[in-house]
Amino acid sequence: MPPLFPNFPHPSIVGILNATPDSFFDGGKYTTLDALLYRLETMIQEGANIIDIGGESTRPGATSITLEEERARVLPLVSTIRERFPIPLSIDTSKPLVAQEALSLGAHGYFSLPDGGFSVRTLYVLCLSLKHT
């Protein structure tokens, strides 16, 4: 299988950008677009050269969110980052439609932790993400 980001001849630093109010990683510090973009700029200054965007918490005991809620958290962020920053993006979601829409907005890859395994739709979107690299 070819590398997801073949333009990186060396190890890369992935910055995790959680657009969730209940993130176990950052405690939900970055929930507005301005706060998320500030965090993104900080990660880039610290050396991140790939950004992975998540809109739903995967912490133990987290409540699932609707498709519409995740789309509202993630898609404007992907679009804004694509307009302002020349950095590869991956999307971290268990919802194939969110991944597909993020890819259409300019995300480069797709990371998924689906409940109960991969669906046919998830595999289709994964193939689309590999096509975008």
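Predicted model: local features only at pLDDT ≥ 70, side-chain atom pairs only at ≥ 80, totals over all residues.
Is the crossing of helix 2 and helix 3 left-handed or right-handed? The crossing is right-handed, a word used when the near helix is turned clockwise from the far one by less than a right angle, with anticlockwise giving left-handed. Residues are numbered from 1 along each chain as its sequence is written, and side-chain values use heavy atoms, with hydrogens and water left out.

**View 1. The whole chain holds four helices and four strands.** Helices (H or I, at least four residues) and strands (E, at least two) are DSSP runs, numbered from the N terminus. Starting at that end, the order is β-α-β-α-β-α-β-α. The chain has 133 residues, and 43% of them count as buried; buried means under 20% relative accessible area, exposed over 50%, and partly exposed in between, using a 1.4 Å probe and protein chains only. Of the contacts between residues at least 6 apart in sequence, 62% join residues at least 24 apart. Here, contact means heavy atoms within 4.5 Å.

**View 2. Helix 2 (residues 67-84) meets helix 3 (residues 96-104).** Their axes come within 10 Å and cross at roughly 20°, which makes helix 2 roughly parallel to helix 3. Axes are lines fitted to C-alpha atoms, for helices over the stretch in contact, and angles run from 0 to 180 degrees between N-to-C directions. Under 35 degrees counts as roughly parallel, over 145 as roughly antiparallel, 65 to 115 as roughly perpendicular, and the rest as oblique. On the helix 2 side, look for Leu67, Glu70, Arg71, Val74, Leu75 and Val78, which meet Leu97, Val98, Glu101 and Ala102 of helix 3. By class, this contact has seven nonpolar, no polar and three charged residues. Ala, Val, Leu, Ile, Met, Phe, Trp, Tyr, Cys and Pro count as nonpolar, Asp, Glu, Lys and Arg as charged, and the others, Gly among them, as polar.

**View 3. Leu67 is found in helix 2.** Leu67 is partly exposed because its relative accessible area is 24%. Beyond its neighbours within four places in sequence, Leu67 is in contact with Lys95, Leu97 and Val98. Its C-alpha atom is separated by 9.8 Å from that of Pro96, 29 residues apart along the chain.

**View 4. Helix 2 packs its buried residues against several elements.** The buried residues are Glu70, Arg73, Val74, Leu75, Leu77, Val78, Thr80 and Ile81. Their partners are strand 1 (14-18), helix 1 (33-45), strand 2 (50-54), strand 3 (89-92) and helix 3.

**View 5. Helix 1 and helix 2 cross at roughly 50°.** Their axes come within 11 Å, and the two helices are therefore oblique to each other. Leu33, Leu36, Leu37 and Leu40 of helix 1 make the contact with Leu77, Thr80, Ile81 and Arg84 of helix 2. Sorted by class, the contact has six nonpolar, one polar and one charged residues.

**View 6. Val14 lies in strand 1.** Val14 counts as partly exposed because its relative accessibility is 43%. Apart from neighbours within four places in sequence, Val14 is in contact with Ile50 and Asp52.
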